[in-house]
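Work through the following exercises with the sequence and the coordinates at hand. Each task is followed by its solution.

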Amino acid sequence: MKITEAALAAIAANPAQFPQDGLPEIALVGRSNVGKSSFINRMLGRKRLAHTSSRPGKTQTLNFYRINRHFYFVDLPGYGYAQVSKRQQAAWGKLIEGYLQKRPPLCLVIQLVDIRHKPTQQDRQMWEYLQWTAIPRLLVATKADKVARGQWQKHLGIIRKELDLEASHPVYPFSAQDGTGKDAVWQIIGEHLSAERVAADNS
């Protein structure tokens with residue numbers, strides 16, 4: 001996909017601050033240090049559009065990035081950061097759950113996991129939750145450049161096992177450093193956006 005325009009369009013701490021233009025939305029979920037900001041920057045070809053932080057858990061809002069004025073990437077707060085208070089975690093959980101359950105423009109959720117490690121309990125809970133909601137979902141394994149290419153299938157197999165997936169279930173290796181997986185992920189996103197447009201035209 002050719003990116004001609006990308007901008008941070010909204011920073012939302014509550015649903016009243018969500019965009020109201022009805023454009024399709026692609027949500028990004030994952031634990032705090034999985035690399036969501038780096039994923040956004042690589043996918044959009046921008047170095048500093050989404051700010052990475054040395055302090056996991058810093059993102060406390062839903063950040064809406066409008067792309068080509070046609071759709072959004074929505075960066076949700078990272079989960080699993082122990083130094084965030086339980087009260088704050090509960091508040092984020094409520095905000096995220098409300099968005100995932102009640103947001104009509106949401107057409108795909110991309111869950112990011114770290115290819116180097118077994119999925120955490122929070123990763124498993126999120127994947128199970130997305131299955132329960134029946135939201136279309138895509139699983140991306142970040143930081144692929146940190147693992148030898150010959151070891152990818154081994155690590156992807158561990159991810160599938162921990163998330164109770166079939167051996168054939170697609171998990172896309174991705175590297176924000178060298179762009180591995182970028183084209184494959186864009187292809188899936190494009191298919192969902194096309195389906196969304198067809199559904200909107202037929203409604």
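**Exercise 1.** Find the bridge partner of isoleucine 67 in β4, and state in which sense β3 and β4 run.

Solution. Isoleucine 67 has phenylalanine 71 as its bridge partner in β4. Strands here are DSSP runs of E with at least two residues, helices are runs of H or I with at least four residues, and both are numbered from the N terminus. β3 and β4 run antiparallel and are joined by five bridges; two strands pair if DSSP finds at least two bridges between them. Three residues lie between the strands of this hairpin, and asparagine 68 takes a positive phi near 55° there.

The model is predicted: local features need pLDDT of at least 70, side-chain atom pairs count only at pLDDT 80 or more, and totals for chains, interfaces and linings use all residues. Residues are numbered from 1 along each chain as its sequence is written, and side-chain values use heavy atoms, with hydrogens and water left out.

**Exercise 2.** Identify the strand that pairs with β4 in the parallel sense, then sort the residues of β4 by the way they point.

Solution. Strand β2 (residues 25-30) pairs with β4 in the parallel sense over four bridges. One of the partners is phenylalanine 73 in β4, bridged to isoleucine 26. In a regular strand the side chains alternate between the two faces of the sheet. From β4, Phe71, Phe73 and Asp75 point one way, while Tyr72 and Val74 point the other way. Five of the five residues of β4 (residues 71-75) are buried, where buried means under 20% relative accessible area, exposed over 50%, and partly exposed in between (1.4 Å probe, protein chains only).

**Exercise 3.** Is asparagine 63 buried or exposed, and what does its side chain touch through a polar contact?

Solution. Asparagine 63 lies in β3 (residues 62-67). Its relative accessibility is 10%, so asparagine 63 counts as buried. Its side chain makes a polar contact with the side chain of threonine 61 at 2.8 Å. Such a contact is a pair of N or O atoms within 3.5 Å; within protein, one must be able to donate a hydrogen and the other to accept it, and residues adjacent in sequence count only if both atoms are side-chain atoms. Beyond neighbours within four places in sequence, asparagine 63 is in contact (heavy atoms within 4.5 Å) with Leu8, Ala10, Ile11, Phe73, Val74 and Asp75.
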